[in-house]
Amino acid sequence: MSTIRFIHTADLHLDSPFKGMTGLPMERMKDLRESTFTAFARLITYALNTKPDFVLIAGDIYDGEDRSLRAQMKFHEGMEKLNEAGIPVFISHGNHDHLAGRWTRFELPPNVYVFQEQVEEARLNVNGQAISIYGFSYKERHIRERKIEEYPVAQDQEALHIGMLHGSLAGDETHAVYAPFTKSDLLAKHYDYWALGHIHLRQQLHEHPPIVYPGNLQGRHRNERGVKGFYEVTLSKVSAVLHFIPASAIVFERLEVSCKGISHANEWLAACREALESFESQYGAGIVELVMLDIDSGTAELFQQSMEQEWLEVLRDVIGDAESFVWVQKLSFVQSAIPTTALGALCQSVIGMIDDWQADDWKEVLKELYQHTQGVKYLDILQANDIEEVKAAARALIAAEMK
């Protein structure tokens, strides 16, 4: 039984602007803005070293429809390197890099096949094994129709059939719902592998055949946590082996710090530094959120002596000499961090009122911020975890101001 090996990647978002990264030192901001290019370079280097049979890119190569000239140049250079190595590449453009966007077009080398706006089939042969790859590119940013209905059912049972689709499961609103499909829709096509894109969370929706989101190559904000990368896939008619390859240059993460028994500032700084050094040794560069846990009344009293921003600035000063770039983006306190027994009656009453607010109440409170024409471009859609963080910060602020 013939076996093939290929790379499946998606959502490169080259030249992402990294919104909302206020306070980051200029030299570190430069590192962050380079991170999508660094991750892409790691993908190309891996392909050149391992010589896969082909590469699949399932949408959103660029971050926006007005593709920057530098992003296009870097991508073109990568494709040229793969061309020189004789590695074919198949591209289906997504909602961020759709065909109607405005850009200075680079002529791609002959190893690159770009699917057009209608679902089509591309064929190739690898060591006698026939392969059919199906896909399409977004003709415009918003594709709401069920493009899955245009994919043909596999007929030739001797060939390997691979579907490329940039879209989302019907009903999954974690990302904007484009080109919706159901898992049963995909299985009904009898393909041997589905190479998906659009959802930035790495996940396998089905095992046999594999239905796979590789996630994005580089996290872009604190809601895209963990190591990012791509899949190397070894596939035959009877088996599939997926090997995740890390590529991200900077890792976004949320670290928990136990504050049990801490009552002095230097103890807290030591606990934070230990957590950050452990992260650095495992991942290298990163942007982290530190979450304070196990806070008793003594620790709550310590934190109430200064504003959260001051604690954050002191911590940044202490870790500023770390070998790798590790930036503490924010501090968070779990909802139970400040015991109500340590607070006055008025403070308890206000916090109790906040705790009773539902999602709609928070949206009403925050609507001026989210409706601001200039500020909204720096904000992601308000989600449940964001509300919990705002709630926890509000509790800490109230406690500090009313001590």
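Helices, taken as DSSP runs of H or I of at least four residues, and strands, taken as runs of E of at least two, are numbered here from the N terminus. On this basis the secondary structure of the chain, in what is a predicted model, comes to 10 helices and 15 strands. Of the 403 residues in the chain, 50% are buried, and the accessible surface amounts to about 19000 Å², with carbon and sulfur atoms contributing 49% of that area. Among the contacts in the chain with a separation of 6 or more, 71% are between residues 24 or more positions apart.

Two helix pairs were examined in detail. Two packed helices are described by the angle between their axes and the distance between the axes. For helix 1 (residues 26–50) and helix 2 (residues 69–84), the axes come within 10 Å and cross at roughly 5 degrees. Because angles under 35 degrees count as roughly parallel, helix 1 and helix 2 are assigned to that class. On the side of helix 1, the contact is made by Glu34, Phe37, Phe40, Ile44, Ala47 and Leu48, while helix 2 contributes Arg70, Ala71, Lys74, Phe75, Gly78, Met79, Lys81 and Leu82. By class, the residues of this contact between helix 1 and helix 2 comprise 9 nonpolar, 1 polar and 4 charged.

The second pair consists of helix 4 (residues 265–283) and helix 6 (residues 308–318), which pack at an angle of about 60 degrees with their axes 11 Å apart. Helix 4 and helix 6 are therefore oblique to each other, and the crossing in which helix 4 passes helix 6 is right-handed. The residues that meet are Ala265, Trp268, Leu269, Cys272 and Arg273 in helix 4 and Trp311, Val314, Leu315 and Val318 in helix 6. The contact of helix 4 with helix 6 divides by class into 8 nonpolar residues, no polar residues and 1 charged residue.

In strand 8 (residues 193–197), attention falls on Gly197. The relative accessible area of Gly197 is 0%, and since buried means under 20%, Gly197 is classed as buried. When neighbours within four places in sequence are left aside, Gly197 is in contact with Ala10, Asp11, Ala58, Leu165, His166, Gly167 and Tyr213.

Most residues other than glycine have a negative phi, and most peptide bonds are trans. Asp15, although not a glycine, has a positive phi of about 70 degrees; Asp15 lies in the loop between strand 1 (4–9) and helix 1 (26–50) and, at 29% relative accessibility, counts as partly exposed. Asn127, likewise a residue other than glycine, has a positive phi near 50 degrees. The position of Asn127 is in the loop between strand 5 (120–126) and strand 6 (129–135), and with a relative accessible area of 75% Asn127 is exposed. A cis peptide bond, with omega near 0 degrees, runs from His208 to Pro209, and Pro209 is found in the loop between strand 9 (203–206) and strand 10 (211–213).

Key:
Residues numbered from 1 in each chain as written. Predicted model: local features only at pLDDT ≥ 70, side-chain atom pairs only at ≥ 80, totals over all residues. Heavy atoms only, no water. Buried < 20%, exposed > 50% of the residue type's maximum accessible area, 1.4 Å probe, protein only. Contact = heavy atoms within 4.5 Å. Areas by Shrake-Rupley, 256 points an atom, 1.4 Å probe, with all protein chains shown as cover. Axes fitted to C-alpha atoms, helices over the stretch in contact; angles between N-to-C directions. Parallel < 35°, antiparallel > 145°, perpendicular 65-115°, else oblique. Left-handed = near helix turned anticlockwise from the far one by under 90°. Nonpolar A, V, L, I, M, F, W, Y, C, P; charged D, E, K, R; others polar.
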